[in-house]
Amino acid sequence: KKKRTHKVLPEAEGIPKTFVFARGTTNPLLKQLVSDVRAVYEPNTASKLRVRKSNTIKDFVNVAGPLGVTHLIILSGTDLSCYMRVARLPRGPTLTFRIDGYSLAKEVLSVQKHAKTPGMEFKTAPLVVLNNFAGDDKQVKMMALTFQNMFPPINIETMKIAECRRIVLFHYDPEKKAVEFRHYHISCKSVSMSRTIRRVVETNIPDLSSLTTLASTCFARPNPPRTRRSSRTPAPSRAPSRCR
């Protein structure tokens, strides 16, 4: 008799997971937005979730329990606007937002001068930044608590700087009563050297010690890159760094 060999890892039991899908009438832009939102919650989301027209929200709720899914993100569109619902399983609460505007990931990459292609950034969960959610308003507190619990907590003792490659920002504007949702790619670099010194160290400068005349310097060939220990200073795993 065949036995089930798949086991849930102990460290994955307390990690929140999400289902992101669209309901109702969808267009190509909304489908692409669903794909971009799924990328935000990688790797703790069903990135290849298939949704049929016959599926209901109850079907996702029934499947979410055995799979350990804790949140549902439902996108829908009408003739007036697009909407996003964030539901906490199994008993709520459910937050409903009207989407005033959005930019797709491919649109952002098309206007960047030095665009970075996706790589290993989605292997680890992003860092979450909540801005301007302070106050005594119950709705603001509920939003902050919901956004924070949609991502796994950070263990400072075991966290590595190399794993910090993405940031998700939630900014609340009390005047407009709107929430800005942004997704950033970051890179950590050493701060022990300034940009000017780093350019000099990393530049392939030819060796002019054996040249005797000024004319011969014009035909000098550059040397291979230097590999001295003092030429580069790697960022330690727990040292302060600058993110871009």
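**Sheet, helix and salt bridges**

Modeller: Start with a facing pair: methionine 84 stands opposite phenylalanine 97 in S4. This is a predicted model, where local features need pLDDT of at least 70, side-chain atom pairs count only at pLDDT 80 or more, and totals for chains, interfaces and linings use all residues. Residues are numbered from 1 along each chain as its sequence is written, and side-chain values use heavy atoms, without hydrogens and water.

Colleague: How many bridges join S3 to S4?

Modeller: Six, and the two strands run antiparallel. S3 covers residues 82-88. Strands are DSSP E runs of at least two residues, helices H or I runs of at least four, numbered from the N terminus. Two strands pair if DSSP finds at least two bridges between them.

Colleague: What is the strand order in the sheet?

Modeller: S1-S2-S3-S4, open, with mixed pairing. Strands S1 (18-23) and S4 (94-99) are the edges, each pairing on one side only.

Colleague: Switching topic. What caps the N-terminal end of H1?

Modeller: Asparagine 27. One of its side-chain oxygens lies 3.1 Å from the backbone nitrogen of leucine 29.

Colleague: And how many salt bridges?

Modeller: Two, counting a side-chain nitrogen of Lys or Arg within 4 Å of a carboxyl oxygen of Asp or Glu. Arginine 98 meets aspartate 100 at 3.6 Å, N to O. Arginine 182 pairs with glutamate 180, with the closest N and O atoms 3.5 Å apart.

Colleague: Is arginine 98 buried or exposed?

Modeller: Arginine 98 is exposed, at 55% relative accessible area. The cut-offs are under 20% for buried, over 50% for exposed and partly exposed in between, with a 1.4 Å probe and protein chains only. Aspartate 100 is exposed too, at 63%.

Notes:
Polar contact = N/O pair within 3.5 Å; in protein donor to acceptor, adjacent residues only side chain to side chain.
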